[in-house]
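Let's take a walk through this one together, piece by piece. Have the picture open while you read.

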Amino acid sequence: MRILLGLLASLFPITVLAAPEPTLFKLDNGMEIVVLEDHRAPVVVQMVWYRAGAADEMPGQSGVAHFLEHLMFKGTDNMAPGELSDTVAKNGGSDNAFTSWDQTVYFQRVAADRLELMMKMEADRMRHLKLTEDDVRTELQVILEERNQRTDNDPGALFQEQMSAAMYLNSPYGRPIIGWRHEMEALDRDKALAWYKTYYAPNNAILIVAGDVDPQNVYELAKTYYGVLEPTPGIESRETRVRPEEPPQLAERRVVMSDPRVSQPQITRSYLAPERDPGDQKMAAALTILAQVLGGNGATSVLGTKLMFPPDAPMVYAGAGYGGTSHDDTTFSIVAVPKPGVTMEAAEAAIDTVLTDFLAQGIDPAKFARIKMQLKAADIYADDDINGAARRYGSALTSGLSYDDIAAWPDILQAVTEDEVMAAAKLVLDRRQSVTGWLMPDGYAEAAQ
Amino acid sequence: MIRFILAAGLALASVPAHAEMNIVEVTSPGGLKAWLVEEHSIPFVAMELGFEGGTVLDAPGKRGVGNLMMATIEEGAGDMDAQGFAAAQEALAASFSFDIYGDSARVSAQFLTENRDQAVDLLRTALIETRFDQEAIDRVKGQVMSIIASDATDPGSIVNDAFNLATWGPDHPYGTNDNGTVDSITALTREDVIAAWKTVLVKDRMFIGVVGDITPAELGPMLDALLGSLPATGGTLPPQATYQLKPGVNVIDFTTPQSIALFGHQGIKLDDPDYFAGYVLNEAVGGGNFASRLMDEVREKRGLTYGIGTSLLPMDYGELILGQVASANDKMAETVQVIRDVWADVAANGLTQAQLDDTKTFLTGAYPLRFDGNSTIAGQLMGMQMNGFPIDYVKTRNQQIEAVTMDDIKRVALRLFRPEDLHFSIVGQPTGLN
């Protein structure tokens with residue numbers, strides 16, 4: 001059985017795949033268009049991905065990218081506040097948006113014959129947002145409640161926030177997407193609009209349309225609605241945006257946190273890890289497979305078989321995770337939940353013993369072959385999920401990867417050798433560039449002695 | 001994310017699909033019935049098995065046994081231990097999952113055309129030749145205990161347990177947590193687990209949905225090979241639960257900055273002639289999109305929450321209208337008052353014609369969008385059968401939504417929104433509430 005811990009939401013199984021084949025366009029104003037066809041059902045998804053996320057925020061304004069995302073549902077010159085979502089609902093569709101470190105994304109899912117209306121509204125709010133002080137004041141309360149709900153009410157989320165802050169010495173990935181509370185409280189209309197004016201433009205956006213559509217028709221509609229929008233000079237370079245990068249990390253860090261709302265102690269070890277780089281994805285591919293070898297299915301993974309299965313095993317759960325699609329250096333993480341009575345010291349030592357043995361002994365060839373089989377099958381299963389394909393394109397493109405990189409990724413994964421995985425493991429599993437976190441109930445350290 | 005996706009939403013809310021979808025009923029040589037949609041464009045099959053009677057079948061004093069049983073199914077079968085089984089599954093790139101809820105147990109499977117026979121045989125060993133090794137049971141018990149421990153200090157879980165207990169009492173399974181308690185889990189034996197296995201996974205309460213790269217002629221023999229050896233019949237289903245929720249506010253003290261509330265009262269049965277009217281009304285009031293009354297009043301106008309929604313829960317042994325909201329401790333009292341006001345207004349005035357029309361347009365337009373991949377559709381085919389719907393339900397469902405009138409809404413509003421019965425279970429430290 002799979003035990004579900006909040007923080008594992010980001011540690012996903014194998015995600016690979018580029019399929020299906022996209023049709024690509026570019027408008028004169030610089031907006032890119034990706035069309036993915038799936039004619040099994042009369043449904044379409046429109047997504048607009050902006051190359052701007054929380055990691056692009058000015059210091060001191062954490063949360064402004066996400067705040068603006070909320071405010072984008074207020075009015076424009078042509079639409080009343082809430083009208084966009086109301087119109088989507090009246091047409092039987094659903095809409096939402098999300099903000100990440102590297103991108104902000106808006107999407108609607110609706111019957112395929114309503115695409116034009118969706119484009120009209122999405123294009124409108126790209127350049128014509130209108131915000132009243134009242135809208136801004138109320139929505140600020142909403143995002144503070146969102147922070148309450150997602151973070152402050154959840155010690156696991158607070159712990160993760162502290163872990164990330166300790167992980168990155170210089171990269172803005174150390175700041176929470178939703179923002180630090182004291183900086184969120186200082187956000188206002190001017191800051192939100194400044195963000196909007198800087199980044200919301202057709203030449204900083206990618207339109208992805210997936211579903212029961214004809215690519216040429218999508219292009220014509222896009223020309224009509226998005227093609228008329230003025231580009232913002234000077235932001236084309238955001239495809240290669242430069243952010244503060246990590247210096248060499250020379251000293252390991254520790255985060256020790258207690259909270260009375262924690263019942264299950266937990267150990268997380270995060271290592272700084274390279275991400276998928278344009279034209280250079282081999283290391284990220286090896287790390288993707290390493291996460292499966294070490295973590296993946298607990299019944300066959302290195303961590304699971306050593307730490308969960310023997311009769312005297314110290315852990316209830318042990319897993320690993322790596323997400324390679326990001327603009328800058330990312331993390332490779334190991335998470336474990338000790339059994340009752342196992343001290344944090346003993347649990348951490350057990351993890352390190354497993355890792356040391358693994359580096360010495362290498363990969364079980366049978367396990368490696370099975371992972372390759374699953375990667376191959378993932379390509380087939382992925383065809384069943386056009387939304388997932390749209391998200392993978394958007395995420396890769398707004399992380400600085402090219403169409404060629406996306407197309408090459410499945411083959412690069414398939415070509416990874418056992419030696420390359422071990423080389424990646426030796427490079428990344430270096431405690432000098434790691435954070436080890438202990439999350440415990442109040443008084444746990446003493447009680448477990 | 002602009003909008004929080006509420007975890008609730010059940011039964012009818014997850015029914016299907018697409019008017020043009022060709023659903024056929026297949027009867028196997030051995031007499032097993034399944035609904036099938038052929039989809040040969042991708043070389044894999046998705047299959048959903050549903051077994052009516054989930055954790056409600058837990059024997060008295062054995063709370064948590066159904067959950068422990070389903071969680072141990074994939075921990076060893078035939079000549080394979082847990083690790084051998086997992087390796088075999090990986091080698092075939094098949095995925096199986098085993099879940100249990102109050103009213104049903106579910107088995108989901110996806111497997112490739114290229115190794116379908118082997119994958120189906122592997123799933124057969126899991127369901128029929130399950131080992132239930134003591135070592136595996138003990139390991140899974142440890143995992144369940146870990147979840148129980150986490151839930152004990154999680155405000156969302158605390159409020160769920162409190163609400164369920166207050167609603168259904170300690171004697172019906174609805175009143176307690178599916179996971180069981182530390183004491184009940186500790187006491188469970190291997191024999192208890194095997195008894196639950198023979199009680200839950202049985203043929204006469206099984207419903208099958210299949211979507212993918214397989215023909216009716218291939219499906220029949222496959223089902224017989226896979227499921228033919230399951231027991232024919234199982235344990236006795238429980239009586240109806242007794243609704244016993246008291247109106248008012250129950251605060252459970254917990255130190256955390258934001259209070260979480262569940263609220264509601266008795267709802268409406270799935271086979272009630274006014275169910276569709278109730279469904280439309282609930283969507284308008286608490287359907288979770290921005291057009292809903294509660295979202296507008298509580299979030300958009302006042303900024304009191306990140307998300308609020310209500311659902312109809314027409315369960316097999318009791319029915320609720322249930323809402324969920326979270327607000328900072330110093331704002332929860334105002335949130336409660338706004339909900340009470342909306343409830344009273346809906347009871348008195350129902351909806352305007354425009355609200356009814358908009359809600360219908362949304363519901364009928366959104367219906368085909370649920371046609372969302374092979375596994376989802378397979379689950380819907382299974383769910384429709386379990387709910388006792390006819391095979392042409394997808395073609396008539398929107399007509400039933402369209403047929404709801406203003407009179408229907410007025411009538412059902414009085415039954416479904418009862419301010420005097422409204423109960424709030426709140427976990428946190430809300431100020432200004434007694």
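## A sheet, a helix pair and a contact

In chain A, 6 strands make up an open sheet with mixed pairing, and their order is β1-β2-β6-β3-β5-β4. Keep in mind as you look that this is a predicted model.

Which strands stand at the edges of the sheet? They are β1 (22-26) and β4 of chain A; each has a single partner strand, so one side of each is left without a neighbour in the sheet. Going from one strand to the next, the twist averages 15°.

β1(A) pairs with strand β2 (residues 32-37) of chain A in the antiparallel sense, over 5 bridges. If you'd like one bridge to find on screen, F25(A) has I33(A) in β2(A) as its partner. Over at β4 and β5 of chain A, α1(A) packs on the sheet and touches both strands, with its direction at about 165° to that of β4(A).

Next up is chain B, and a pair of helices. Two packed helices are described by the angle between their axes and the distance between the axes. Helix α10 (residues 293-300) of chain B packs against helix α11 (residues 332-349) of chain B at an angle of about 150°, and the axes are 10 Å apart. An angle over 145 degrees counts as roughly antiparallel, so that is how α10(B) runs relative to α11(B). The crossing of α10(B) with α11(B) is right-handed.

Who meets whom here? From α10(B) come R293(B), L294(B), E297(B) and V298(B), and they meet T335(B), V338(B), I339(B) and V342(B) of α11(B).

The two chains also touch each other: the contact takes 55 residues from chain A and 54 residues from chain B. On the chain A side, α4(A) gives the largest share, 9 residues.

Chain B averages a pLDDT of 93, and 94% of its residues score at least 70. Residues 5-19 of chain B are another story: their pLDDT is below 50, although this stretch has 40 contacts in the model beyond near neighbours in sequence. Where pLDDT is low, the predicted coordinates should not be read in detail.

Key
Residues are numbered from 1 along each chain as its sequence is written. Chains are lettered from A and ligands numbered from 1 in the order in which they are written. This is a predicted model: local features need pLDDT of at least 70, side-chain atom pairs count only at pLDDT 80 or more; totals for chains, interfaces and linings use all residues. Two residues are in contact if their C-beta atoms, placed from the backbone, lie within 7 Å. Helices (H or I, at least four residues) and strands (E, at least two) are DSSP runs, numbered from the N terminus. Axes are lines fitted to C-alpha atoms, for helices over the stretch in contact, and angles run from 0 to 180 degrees between N-to-C directions. Angles under 35 degrees count as roughly parallel, over 145 as roughly antiparallel, 65 to 115 as roughly perpendicular and the rest as oblique. A crossing is left-handed if the near helix is turned anticlockwise from the far one by less than a right angle, and right-handed if clockwise. pLDDT is the predictor's confidence in each residue, from 0 to 100. Two strands pair if DSSP finds at least two bridges between them.
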